[in-house]
Amino acid sequence: MKFGILKERKNPPDRRVVFSPDELTKLKQQYQECMVKVEYSDIRVFTDSQYENQGIELTDDISDCDVLFGVKEVPIENLIPNKSYFFFSHTIKEQPYNRKLLQAVLEKNIDLYDYETIVDANNRRLIGFGRYAGIVGAYNSIRAFGIKFELFKLPKAETLSDKEALIAHIKRLVLPPLKFVITGTGKVGNGAKEILDAIKIKEVSVENYLTKNYSQPVYTQIDVLEYNKRKDGQVLDFTDFYHSPKEYVSDFERFTKVSDIYITGHFHANEAPVILTREMLKANDCRIKVVADVSCDVNGPIACTLRSSTIAEPLYGYVPNEDKEVDVFHPAAIVVMAVDNLPCELPKDASEGFGEMFMEYVIPAFFNGDKDGILQRAKITENGKLTPRFSYLQNYVDGK
């Protein structure tokens, strides 16, 4: 088995990588029958020499590798026929801008695996960069508040070395008694929680959060049944919500009346109700000042997310009464942070964490006959066709 680590070629450049030099060294030690090549790159967060110093082969030609690992989409002209590829393809939700990519994958007889499709037998995602999106999102929410109200200035996360540097900078601040609400209890939500816990912001129950005033910053983290309710008033378990999202409406307004900063870490299904509506934001008693939309679904469940923002320009203002984008310092503006590639701001930490998860959950499948079905479930294309699990993409591929 020969693995190849790809140079990232998509713009804007992404400095992340699937495996750090240390993780590749562990891989070679653990699976001695495995060979590894790394494509030269001048943008990767780990330098070529860091790989070479660990005895890993650097090359301009990875065409003899069996399995190729990248992070972002591989440009069509760089796809090598008859190989297996792992990368975030952004095709499984039928994204129009990547239809040609999936068509090319099929034409070139490539076996495509998407990191989003790597799941266990219960369909739970096993790996991803979500934790680091949550970490940077929480940091950026505090930074946005400081900018909006001209209270303090934090450096951009991308200028700092790692998570600990982010925490060190926020710890120096004396924050007013803000209330933070986090939606979601998965990797993204827990990444945000990790930052708030690290700077000693107190976690409180939903009931206390909604009813009490505090002299210090506090936060609450809520799951789907705490910000959605059934239209008929029944109180059922979360499986009912997942199976019947159309039967629910948002119950988030009670949080908008008491929250200063909202950090989104939820997963939002297509048929689930809008969480934060324009009507909630327009209400006279809405207290929200910053929305850090880490999930960043444009025209999705967060009404003020009119567009994704960028690492270079992460913030914009939103005026609910006019439903339009304005300057952050507009007196009626809610600040929106909707960067859709937040883990890129912590490329070293994100790459190391991702590689550790990949080593634990995926690499063994290459050497144990895929006994747990990890690879089989994740495979989108095989022998020039969609696999049965992803046959729903056929109309998308056909342009229908």
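In this predicted model, the second largest cavity holds about 50 Å³ of space. A search of the whole structure finds 3 cavities of 30 Å³ or more, and the largest cavity holds about 60 Å³. The structure also has a largest nonpolar core of 82 residues and a second, separate core of 30 residues.

**Second largest cavity**

- The lining of this cavity is formed by Val224, Tyr227, Asn228, Phe241, His266, Phe267, His268, Ala269, Ala272, Pro273 and Ile275.
- By class, 8 of the lining residues are nonpolar and 3 are polar, with no charged residues.

**Largest cavity**

- Leu6, Lys7, Glu8 and Arg9 line the largest cavity, together with Gly70, Lys72, Glu73, Val74 and Pro75.
- The lining of the largest cavity comprises 5 charged, 3 nonpolar and 1 polar residues.

**Nonpolar cores**

- Within the largest nonpolar core, the residues with the most contacts are Phe69, Phe86, Tyr115, Ile118, Ile142 and Phe358.
- Helix α4 (residues 130-148) supplies the largest share of this core, with 9 residues.
- The second, separate core includes Val181, Met280, Leu281 and Cys286 among its 30 residues.

Definitions and conventions:
Residues are numbered from 1 along each chain as its sequence is written. This is a predicted model: local features need pLDDT of at least 70, side-chain atom pairs count only at pLDDT 80 or more; totals for chains, interfaces and linings use all residues. Side-chain values use heavy atoms; hydrogens and water are left out. On a 1 Å grid over the protein atoms alone, a cavity is a set of points where a 1.4 Å probe fits but cannot get out, and a pocket is an open set with protein on both sides within 12 Å along at least five of seven lines; lining residues have an atom within 4 Å of a point. Grid points are joined across faces, edges and corners, and a volume is the space filled by probe spheres set on the points. Ala, Val, Leu, Ile, Met, Phe, Trp, Tyr, Cys and Pro count as nonpolar, Asp, Glu, Lys and Arg as charged, and the others, Gly among them, as polar. A nonpolar core is a set of buried Ala, Val, Leu, Ile, Met, Phe, Trp, Tyr and Cys residues joined through side-chain atoms within 4.5 Å. Buried means under 20% relative accessible area, exposed over 50%, partly exposed in between (1.4 Å probe, protein chains only). Helices (H or I, at least four residues) and strands (E, at least two) are DSSP runs, numbered from the N terminus.
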